[in-house]
Amino acid sequence: MDPSDQKHFTAVDYVIFAVLLAASMGIGLYHALSGGRQRTTQEFLMADRSMSCLPVSLSLIASFQSAVAIIGVPAEIYTHGTQYWFIGCAYFLGLLIPAHVFIPVLYKLRLSSTYEYLELRFSKAVRICGTLTFIFQTVVYMGVCVYTPAFALNAVTGFELWGAVLATGLACTLYTTMGGLKAVIWTDVFQTAVMFAGQLAVIVVGVNQTGGASEVWRKVWEGNRISALNLNPDPTERHTFWTLGVGGVFLMLSLYGVNQAQVQRYLSARTEKEAVRSCYMAFPSLQLSLALSCVMGLVMFYANTLHFGCFPQMVIYFVMDMLEGFPGLPGLFVACLFSAALSTISSAFNSLATVTMEDLVKPHVPAMTEARATLVSKALGWLFTSYAPITAVTFLTERALIVVVFDLQVALKLFGMVGGPVLGLFCLGMFFPWANPTGAMAGLGAGLALSFWVGIGSIFNRSSGARPLSAGCRAALLSDNSTSAVHTALDNLTLSKPSGLNRFYSLSYMWYSAFSCFAVILIGLIISFLTGPMKEEDVTPGTIYPVFGKLLCFLPEHLKKKLCCVTPRGPTVSKIMDAGPIPSIS
């Protein structure tokens, strides 16, 4: 972007941005000095299992609503129309199923790490594989979440790129390691309010300055940005009702059903009912967040800001330009953007520390005292919140992914490629009592291989269904000192009808989670039956959700028991229980 076109913060904007960081660190300091002062792993990693449903539900929203979404969704609506809005249909089952399937199983087991379940159900090797897969996914996504708002802000305002990255990292480091999960959750509550306020301010001012809601509606209707219901069943179509409403359910399940960052919040609730309520309470807030982002994209279209540059710059430039005469409001939106980044990466830091401690450290040092375990947990928090992972990943993405880092599709594709196989692994364990450890390992490996094959193949061939970049965006990127990877990526973002293997690579990114989930289940079951299915007496009590028993309720009890392993019998597991034996799920 031409430096003469750059916008600048006023003193009030800087103050508001600084208040956000100070308030976040203040919440961490408060929880570090109150209560049990984070002296036990249960308090530091699990908030002492004392949280109510309201803060948990808002934290669930903040963890999901990353800066990539706040930038990406308006850009998506601006460019392609309102078809993406139909993903809101997936939120219903995407939260209902975790509330009534995953939470009852995982909460009753009294876990700290989600992947402890995999050892109880299968084996220690499966647990470690699940943990390492989650760590890989989270570290990569963490770098993208930090880099995206910093890159956009730098492009539009000249705000120092590494200054923004370091400020975000430092704030997260302090309040995450000082206050533990309780500080992370309550900071998420504060940051959720900031996110809503920032988006709402942009919409209200934008609508008022563009002639009112009726004028905005007229312009977006004439501009063909109000999308009709697309019932095309073609799985290579980028966005249809089926890709968003059905494929989106599996994406939501990979996030809200088995992802450690979200499950850890359920497990921090004081009761199972509070955890279930938090899922229900998250639904309207997620719909509101989606609506605000989509309306902002429509207001942007009315203002005709495409010539301002590429997607991340476009959103930030629009906001800075629209709010230029309102001191403090640009700072509020930037605070909104960085609130989303802070909430996402703080959740990632805390969950990474938890799984590393519970899955990789404790099993090898069983005699560790509680005081030492708490100290190690905090050290892991410092390790993961150090700048090395962030700067390493953002350095790699700065040029190689400059074209796609702003695209919401990339973030959701990552969740589908990695989160989908993990979802399949949990579904294999919970719903299919015959699945054995060999089948689980084979299914996970095959699912990851297939999803990465399709995902990487789509990058080297063409982005699934994507429209070409604007001429201005292409020129802006190519005028920079771009690498050959950028040129190649730009050339791939052209429309052509796929055929042969290319059609397989053109699978909509919204189907990645479903595709890889079913691949894990199918291959896992085949290998399990070939190597000897699990026997009822070998299944750990409480690890099976009798989905077939509920669906086949018309069968006699003895047949349901034989087919579905409704009430598995076996020795109770005491190594993780501090409140009695594990109950069966009936």
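Glu 76 is buried at 5% relative accessibility, where buried denotes under 20% relative accessible area, exposed over 50%, and partly exposed the range in between (1.4 Å probe, protein chains only). The model is predicted, so local features need pLDDT of at least 70 and side-chain atom pairs count only at pLDDT 80 or more, while totals for chains, interfaces and linings use all residues. Residues are numbered from 1 along each chain as its sequence is written, and side-chain values use heavy atoms, with hydrogens and water left out.

Salt bridges were assigned where a side-chain nitrogen of Lys or Arg lies within 4 Å of a carboxyl oxygen of Asp or Glu. The count under this rule is 9 salt bridges. One of them joins the side chains of Glu 76 and Arg 238, with an N to O distance of 2.9 Å. Glu 76 belongs to helix H4 (residues 67-80) and Arg 238 to the loop between helix H9 (213-222) and helix H10 (241-245), so the pair ties together parts 162 residues apart in sequence. Helices are DSSP runs (H or I, at least four residues), numbered from the N terminus. Arg 238 is also buried, at 8% relative accessible area.

A salt bridge of 2.9 Å (N to O) connects the side chains of Lys 108 and Glu 272. This pair links distant parts of the chain, with Lys 108 in helix H5 (residues 88-108) and Glu 272 in helix H13 (residues 272-303), 164 residues apart. Lys 108 is partly exposed at 30% relative accessible area, and Glu 272 is partly exposed at 21%.

Within helix H13, Glu 274 and Arg 277 lie 3 residues apart, about one turn of the helix. Their closest N and O atoms are 3.2 Å apart in a salt bridge.

Notes. Helix = DSSP H or I, 4+ residues; strand = E, 2+ residues; numbered from the N terminus.
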